[in-house]
Structure formats: C-alpha cells, structure tokens
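Take a first look at the structure below. The report that follows it goes feature by feature.

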Amino acid sequence: MSTMQHPATGAAGPATVTEATTTQRDPRTRSTRASRKAERKAERKAEQHVDGRKPKRSGLLTAVMVVFVVYSFAPLFYLLVNSTKTQASLLSTFGLWFGGDFNLWQNIVDTVTYNDGIFLQWFGNTLLYVVVGAGGATLLATVAGYGMAKFQFPGRRAVFAIVLGAIAVPGTALAVPTFLLFSQVGLTNTPWSIILPSLISPFGMYLIWTYAVDAIPAELLEAARMDGAGEFRIFFTIALRLLAPGVVTVLLFAVVATWNNYFLPLIMLSDPKWYPLTVGLNQWNAQATGSGAQPIYNLVVTGSLLTIIPIVVAFLFLQRFWQSGLAAGSVKA
C-alpha cells in the first residue's frame, strides 16, 4: 500500500504548473501599451535593417511646415485675442496678445444686441441660405452624379464636357449676368436670389460622379433590380448609403462656399434684413469711415469669431467622413 501511486494527482500536478507557467509567459496576457510601443519600435528597426535605409529628416521641410501652421492659425489667434478687448484697448494694444480687461462676454452681448439684434437676423439668414442652398446643391449633385456614373444615355460625353467647363468658370464671373437675369424676373433683393444660384454645384456633381463609379458595384445594382426594386428605392436604400462619404464631402464644400459667399449677396441684396453675416459684418466695418463715423471694430472682430464657430464645429463633427471621402477610390482591390 505504501508503494501505491496516484497517477491522477501526479499527472495533474505538473500539468497545472506548466499551464500556470505558460500563462505567465504568454505575451498576450501581460501586453501593455508600453510593450506594444516597444514591439512596433523593434519592427521598424527590423524593417530599416532589412531595407538598409534610415528615415530621412528634412530641416527645410519642417521649417516650411511650421511656417504654414503659423500662417494658418495666426488669423484665428488674432480673433481669439482681440475679441477679449474693448474698442479702446483694441486700438492701443498689440494685436497678437491680450491687453487691458477681459471683455469677451460683454463683446458677445453687445454684438448680438447691437442695432436691435440685427446680427442674429443675419445669422438666421446665413443658416437659411446654407440649409436650403447648400443642402439642395448636395442633393442635386448626388442625384445627377449617380445618374451620370451608373446610366448610359445619348449625349453623356457632351454633358461631361459641359460640367468640366462649368467647373473652370469662377462664380464671381457669373455674378453680374445672374444679377441681370434675376432683375428681369423680379427676384433681386429676395432670399431666392441667393438660394437659387447656390443650388448649382458642378464641382460637387463631378465629385459624386467620379466617386460613384467605384463606390457602387454594378453587380449590386443588377441584383437589386432582379429582386424587383425600383430605381428610386435602389438609390435611397442602397446607393445613398454607399455614397455617404462622398455626399458628406460635397456637403462640406457647399456649406463652406455658401457660408462664406460675399460677392453675390453684395450685388443681389439691398435690404439689410436679408444680408448674410459676410455682408452684414462688412457693413459694420464700413461704419468707421465717413463724416459720421461710428467705429465698432470690437464688435466686428467678435462677430467674425462667432461666425467661424459653426464651420469649425461642422469640420470637427464630419471629419471622419471628410477623410474617408477624400481617400475613396485611391486604392482598388
């Protein structure tokens, strides 16, 4: 009996120790952020060793990029700094640094209440032009671009040439002819004189066209047709989802173009109650000239800061769609 063996216990003991040792040594169970960084660094070094090359660093390119970043953010920094100043300190202190009392909140209140709150009305007008104009332009560009990409019809090449020609014509060159046309039909000094021209986006149509060629497989459309789906149902339930990155890209282009539109409203509108923010703030800025000058530069600067906030928010919110939309079609399987 003393020599009786316990095979179950003897076999289980070493197996348990081995499993515990394997678990402790398994890198997947104790991988951390630092270890993953070390692994990636080792992989990069191995790749460099295999290629026999070292990463190149260009001091000139770095300096150019620094200058570009400073040049891009200097106007925004100027707005942030000078929106905190009063009218007197704005003219008496250095423009790229704070000076005097912090007056940002009072400047915001004065901006939205000046002249019976005309700034808020301009803001609402701009939103109207963007929602109806830019939104309509995006919808029309999406429908037209999808149709040009996925349907064959006579005159398709001619339409392609017309679209490319329309892209080459700047919008300012069409502003005066558009004004003459709208004045003949009595649409000047109305919101329609801004909305209707904004609905046309040749570049947006071309962008959707080129994106839809590779983003929507023809086999998928044929399968949907064989299942009995109509063309409108195919577009809204299948194609529109696949075109989402391109649609968002076109939407951002249209929103920025409509939000910053200045020359067309300047010649189309004479009633301040229909002004967008761009024309309205320029009118405030013009109050500093003339015999009865009433400079309100602090309100102009604060209003400009409030004007760019929606655009910044739109870019930050739609950034991932924007990036995927620009990269779409660059790589094929």
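Predicted model: local features only at pLDDT ≥ 70, side-chain atom pairs only at ≥ 80, totals over all residues.

Residues are numbered from 1 along each chain as its sequence is written, and side-chain values use heavy atoms, with hydrogens and water left out.

## Pocket and cavity

Rolling a probe the size of a water molecule over the atoms shows where empty space is left. Here a 1 Å grid is laid over the protein atoms alone; a cavity is a set of points where a 1.4 Å probe fits but cannot get out, and a pocket is an open set with protein on both sides within 12 Å along at least five of seven lines. Lining residues have an atom within 4 Å of a point. Grid points are joined across faces, edges and corners, and a volume is the space filled by probe spheres set on the points.

The largest pocket holds about 840 Å³ of space. Its lining has 27 residues, and those closest to the centre are Gly-171, Pro-197, Ile-200, Pro-202 and Ala-257.

Which helices supply at least two residues each of this lining? They are helix 6 (156–168), helix 7 (175–185), helix 8 (192–198), helix 9 (202–215), helix 12 (244–259) and helix 13 (263–268). Helix 12 gives the largest share, with five residues. Helices here are DSSP runs (H or I, at least four residues), numbered from the N terminus.

The lining of the largest pocket has 18 nonpolar, nine polar and no charged residues. In this count Ala, Val, Leu, Ile, Met, Phe, Trp, Tyr, Cys and Pro are nonpolar, Asp, Glu, Lys and Arg are charged, and the others, Gly among them, are polar.

The search of the whole structure also finds one cavity of 30 Å³ or more. The largest cavity has a volume of about 30 Å³. Tyr-129, Ile-194, Thr-258, Asn-261, Pro-265 and Pro-276 line it. By class, four of the lining residues are nonpolar, two are polar and none is charged.

## Salt bridges

How many salt bridges does the structure hold? There are two. A salt bridge is a side-chain nitrogen of Lys or Arg within 4 Å of a carboxyl oxygen of Asp or Glu. Arg-225 pairs with Glu-222, with the closest N and O atoms 3.2 Å apart. Both residues lie in helix 10 (residues 218–226), three residues apart, about one turn of the helix. Arg-225 also meets Glu-231, at 2.7 Å from N to O.

## Exposure

How much of a residue is open is given as relative accessible area. Buried means under 20%, exposed over 50%, and partly exposed in between (1.4 Å probe, protein chains only). The table lists some residues.

| Residue | Relative accessible area | Class |
|---|---|---|
| Glu-222 | 43% | partly exposed |
| Arg-225 | 25% | partly exposed |
| Glu-231 | 34% | partly exposed |
| Phe-98 | 42% | partly exposed |
| Leu-174 | 44% | partly exposed |
| Ser-270 | 54% | exposed |

## Surface patch

Phe-77, Tyr-78, Phe-94, Leu-96, Trp-97, Phe-98, Phe-102 and Trp-105 make a nonpolar surface patch of about 940 Å². Patches are made of residues with over 30% relative accessible area and no salt bridge; like charges are joined within 9 Å, and nonpolar side chains (Val, Leu, Ile, Met, Phe, Trp, Tyr) within 5 Å. Accessible areas come from the Shrake-Rupley method with a 1.4 Å probe, and for residues only the protein chains shown count as cover. Phe-98 sits in the loop between helix 4 (87–92) and helix 5 (104–150).

## Backbone and loops

Asn-115 has a positive phi of about 55 degrees although it is not a glycine. Asn-115 lies in helix 5 and counts as exposed, at 51% relative accessibility. Asn-189 also has a positive phi, near 60 degrees. Asn-189 is in the loop between helix 7 and helix 8 and is partly exposed, at 26%.

Leu-174 lies in the loop between helix 6 and helix 7. Leu-174 and Pro-197 are 23 residues apart in sequence, and their C-alpha atoms are 9.6 Å apart in space. Ser-270 is in the loop between helix 13 and helix 14 (277–286). Ser-270 and Thr-190 are 80 residues apart along the chain, with 9.2 Å between their C-alpha atoms.
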